[in-house]
Amino acid sequence: MARVTFQEELEQLEASLHEEGTLVLRSLSGALNALVNQDEELADEVIEFDDEVDSRYFAIEEGIESLLARQTPVASDLRFVLAVLHVNLHLERIADYCVTIAKLVKLAPPVAPERLFVDAFGEMGARAEEMIRVALDSFATRNLEQAESLVQLDELIDRANRRFVQHVLSFGRDPTLREWGLRMLLVSRCFERIGDHAVDIGERTAYIATGEFREFTDASH
Amino acid sequence: MSDMESSVAEKMPTVSVGETVARRDASGDRPRQTVFDVRDLTVRYGGNPALAGVSLEIHENAVTAFIGPSGCGKSTFIRCFNRMNDLIPSATVEGEVLYRGEDLYGKDVDPVNVRQLIGMVFQKPNPFPKSIYDNVAFGPRVLGWKQELDERVEQSLRQAALWDEVKDRLRDSALSLSGGQQQRLCIARALAVEPEVILMDEPASALDPISTTRIEDLMHELKRDYTIVIVTHNMQQAARVADMTAFFSVDVSSGGRTGILVEYDETQKIFTKPSDQRTEDYVTGRFG
């Protein structure tokens, strides 16, 4: 009575999710390069590329709708399908932050940033990318320990964000520089939020593994 | 903690939902009463045990479902609750089945009384070849309950959600009813003798989907007044109707095929995060 077709559908769903993850990583990489190189053309490509992520997102959601309607998953299968439903949304939101970064690149006045800022973006971008990879890998292997390690990684990106804010606050009265700083604060915030979504993906991995949903950290205070 | 914090904490108590459901009945705050307490039950038909070492408690005003593959002993088990296995000469029952603390298999216990208190509905509707009215009135008449028989018949048919469909043809043959109606008639017949428990052995497996839905809705209604135990092959039916679910499996290690209880828990737990891998494999369809 093994449900062969159903198992294949679950595997297909997971494969689609990881393909979506790969697209999101490409989007992040594009947004980061557009930012560091102030490349507006690349920024446009990142914005356009979001349609790819969105169509994958909708396909996964439709797949879940169909699975729930036809196959009535239960137990670990149910937990997996519910987790994919959430992770799908987190990945789509991460891609949206990449689009926001690309748009801010285009909106920001042409200021040649100090080395300090280029390095800060490089660090936050690299950390965000690492967090997405860890989130996807731990989901794929249902590795609870690895998923929980996202909390420490998130702390690093949060700290980088706070340092960035301090730098921007030290800007003088130059209106162009201040506008640039304001835009870049939002960029920094995008990286920080990407980290949060990666942690949320880790929490879904933990849910599949343990059957209990819990937040890794209490965000209420 | 400040005063304000403490008052917020009082308004937002931490409640474990699953635990609350298990401990309390459907109507309010009373802790759930145990109706049946089964202790280390083994049933044999001749030599090999058909079912071995089962212990569990059945709660009042709840629907409890038994699920499991063919031959796992779930029908054998439900038949122990009203001593139906007594009717099979080779059957022997070891262990204890306590009904509200009293041994159901005690020397002084009359199986006929047991079957009045603990009614049963079978897989195939089995109305008598008599009128609809007489089917329901039969049990009360046997018990000598002649007072207000019409009212009793009407009330039983209403409780079984059949009254509106048959009130104008109570003298028609029960066999003129559809399969789903016949099954509800059998439920009405069981209710007419004022049981406390209704056992249902695959009550909807011979019915079409709409009749099945009506039986399932009926179980939700009836559990307010009765304790219901159901055997079902249909896992989703257990998921829909039951508060508690017991998963039985077949143990072949002794050479024969013996039914064993693998896991017994709240239905939601069984279908979201079962504790035993065998339950997981069965409910997800990876069994075998």
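Predicted model: local features only at pLDDT ≥ 70, side-chain atom pairs only at ≥ 80, totals over all residues.
We can begin within chain B, where helix 5 (residues 132-142) packs against helix 6 (residues 149-159). The axes of these two helices lie 9 Å apart and meet at an angle of about 115°. Since angles of 65 to 115 degrees count as roughly perpendicular, helix 5 and helix 6 of chain B are therefore placed in that class. Their crossing is right-handed. On the helix 5 side, the contact is made by Tyr133(B), Val136(B), Ala137(B) and Pro140(B); helix 6 answers with Leu149(B), Arg152(B), Val153(B), Ser156(B) and Leu157(B). Sorted by class, the residues of this contact comprise 7 nonpolar, 1 polar and 1 charged. The spacing of such positions has a simple background: an α-helix has 3.6 residues a turn, so residues three or four places apart point the same way.

Turning to chain A, helix 4 covers residues 115-141, a run of 27 residues. At 1.5 Å a residue, helix 4 of chain A should span 39 Å, and the 39 Å between its end C-alpha atoms agrees with this expectation.

Finally, the two chains touch each other through 12 residues from chain A and 12 residues from chain B. On the chain A side, helix 3 (residues 75-107) gives the most, with 5 residues. By class, the side of chain A that touches chain B holds 6 nonpolar, 3 polar and 3 charged residues.

Technical notes: Residues numbered from 1 in each chain as written. Chains lettered and ligands numbered in written order. Axes fitted to C-alpha atoms, helices over the stretch in contact; angles between N-to-C directions. Helix = DSSP H or I, 4+ residues; strand = E, 2+ residues; numbered from the N terminus. Parallel < 35°, antiparallel > 145°, perpendicular 65-115°, else oblique. Left-handed = near helix turned anticlockwise from the far one by under 90°. Contact = placed C-beta atoms within 7 Å. Nonpolar A, V, L, I, M, F, W, Y, C, P; charged D, E, K, R; others polar. Expected span 1.5 Å × (residues − 1).
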